[in-house]
Amino acid sequence: MRRIAVIGSGATALAVLDVLVDRTDLNVSLIRPDRRLSSHGAKPAAGEPADELIAAAIGALRRELGLKFPPPKSHFGVMPERIDVKGWGKIWRSNLHGGLTQFWGGSMVPFTDRELAAWPITRADLEADYQAIAERVGITGADDALRGYLQDRFADLPPVKAIAPIELLIGRLSHVKSNGFDIIGGVPRVAVETRGERDNACAYLGECMMGCRQGAVFNALGAIELHRAKGGMAEECCGFAEHIDIDKKTVTIRREDGSYDHVQYDLVFICASCVHSVELTMNSLETEPETPISDNLILSFPVLYGGRIAAESRSERFFALTNGKLMLLPHAAGATPIFIQLYPNPDYFWQYNFPRWSWSMLHGLARTGRNRLFFARAYLASGHSQRYRMTKGTDGVELTLDQEPDTTRFFDHIWPQLRQNFSAAGFWVPPVPPLKAKTSSHYSGGFPMGGRWVGKDGALGNGAFLCDSANFPDCPALSHTFTAMANARRIARLALLG
Ligand SMILES: Cc1cc2nc3c(=O)[nH]c(=O)nc-3n(C[C@H](O)[C@H](O)[C@H](O)COP(=O)(O)OP(=O)(O)OC[C@H]3O[C@@H](n4cnc5c(N)ncnc54)[C@H](O)[C@@H]3O)c2cc1C
Ligand code: SF4
């Protein structure tokens, strides 16, 4: 019986486990952190008054961060661990069982051959695995203009309902031919349960930025726990993998109490998330990463709407994650697409920054405001975005800024035209430069597939495979977790055949 070790317990580990757990010829060990979300991060009881719940979550965050606009996305007041990038700021990583999908926004879009231009694999290599991951996770979608570009027939859950002004804007911008670029748009592609008959179907509570009480947003932890409950893993080793001896096929694990454990394997799949996996691979190969870690620059701007909205469309209830998606496709050869997501103005933004006693007074204002103001976030590909270099420091690894984001070569030329495209038929984008976010939480690269260390099949050699986005050759603008999961599944499938 072959011994298999899977390192990590988040989105990509789940994709790998899906391939392994039903095989009776494999002995699977999951190496994962012991830590879970603390008790105030647990899903609250149904029926608990929303304001009390939100106040408790916001209180926990405010004690940690103080006032902040926009406040961070959280899981009922808990944020993921952060690591400092010298010369830049903090970025996210996960030290929890279950990983970052406990906090994420659920956006899931496949890459096309245009996004994969610098990769040693094509969309055809990923197609079957995109399909399998979509079936496992459940992704919303529709037969709209965006489908013409993404070719994502597997995004087949009923679409989430957008707030009225975003629906109007998407309708207007879904097929635009412009000077220098085209725009296409469509409904959100999100890993959110929308089938009304399901217990956890989205109830449009609008609390998504703070945590979903319904459990409508997909979370890898529940699925991994289910594999465990069904006996899919022979063993779970709680601790952090510190080193892989690739010659001796041994993983060294540091437990929470400081003791060490060793796991022998025939095949090992590294799924510890980009930042952790680059560190582990660097320690194991005793080399510097081959490339910096890429992020996506996000440029946010407000959109105002002064037009008419039918009374029946002014709903109290709304979905607070991405309500619409646009792709901006430059005409210039080799120019990378920009991905734009549209977000409503959630109550959470002002509740976070105003005292609890003022909430009921501000609620009516916020409700009206939601039909008049929303936000766009434009994601740029890694060539124009910030990048981080990982090196060994005196006390573990250190991250330093390797490349500043650069909007001058590309976005600054597009911006006036883009504003014009948005600003018509009652919509208006103020003439102020978009706000740059510190991080998109989409990290990739370090040891790219087809590079010096990692094959196009994810192989590091002698039974070791790098499965998560640490193996991406670059970081296209589109949300990347869907591709990280599909590629991890592909790597595991091929490894078992080998
Ligand atoms: C606020 C936020 C919003 C986001 N929104 C989106 C979105 O809308 N769309 C999108 O595509 N992506 C989004 N992301 C990113 C997405 O969550 C990650 O890309 C995804 O979870 C990565 O999967 P992964 O398996 O690589 O890592 P994770 O899901 O983080 O899992 C890694 C696991 O490995 C464990 N681990 C780490 N090191 C070790 C070690 N040495 N030994 C053992 N275990 C280890 C971790 O604790 C964790 O359990 C978001 C992230 C954040 C923080
Ligand atoms: S609107 Fe957001 S918080 Fe409410 S049920 Fe849907 S996903 Fe969950």
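The following dialogue concerns a predicted model and the grounds for several terms used to describe it.

Visitor: How do you know that α1 and α11 are in contact, and which residues make the contact?

Guide: The axes of helix α1 (residues 11-20) and helix α11 (residues 481-497) come within 8 Å and cross at roughly 35 degrees. Residues count as in contact if their C-beta atoms lie within 7 Å. The contact includes Ala 11, Ala 15 and Val 19 of α1, together with Thr 481, Ala 488 and Leu 496 of α11.

Visitor: What makes the crossing of α1 and α11 left-handed or right-handed?

Guide: A crossing is right-handed if the near helix is turned clockwise from the far one by less than a right angle. The crossing of α1 and α11 is right-handed.

Visitor: What classes of residue make up the contact of α1 with α11?

Guide: The contact has ten nonpolar, two polar and three charged residues.

Visitor: How many residues surround ligand 1, and which are the closest?

Guide: A residue counts as near if its C-beta atom lies within 6 Å. There are 42 residues around ligand 1, the closest being Gly 8, Gly 10, Gly 99, Ser 273 and Thr 481. Helix α1 gives the most to this shell, with three residues. By class, the shell holds 18 nonpolar, 21 polar and three charged residues.

Visitor: Why are β4 and β12 said to stand at the edges of the sheet?

Guide: The open sheet has five strands in the order β4-β3-β18-β17-β12. Both β4 (89-93) and β12 (293-294) have a single partner strand, so one side of each is left without a neighbour in the sheet.

Visitor: What makes β12 and β17 a pair?

Guide: Strands pair if there are at least two bridges between them. Two bridges join β12 to β17 (residues 387-393), and the strands run antiparallel. Ser 294 has Arg 387 in β17 as its bridge partner.

Terms used
Residues numbered from 1 in each chain as written. Chains lettered and ligands numbered in written order. Predicted model: local features only at pLDDT ≥ 70, side-chain atom pairs only at ≥ 80, totals over all residues. Axes fitted to C-alpha atoms, helices over the stretch in contact; angles between N-to-C directions. Helix = DSSP H or I, 4+ residues; strand = E, 2+ residues; numbered from the N terminus. Contact = placed C-beta atoms within 7 Å. Nonpolar A, V, L, I, M, F, W, Y, C, P; charged D, E, K, R; others polar.
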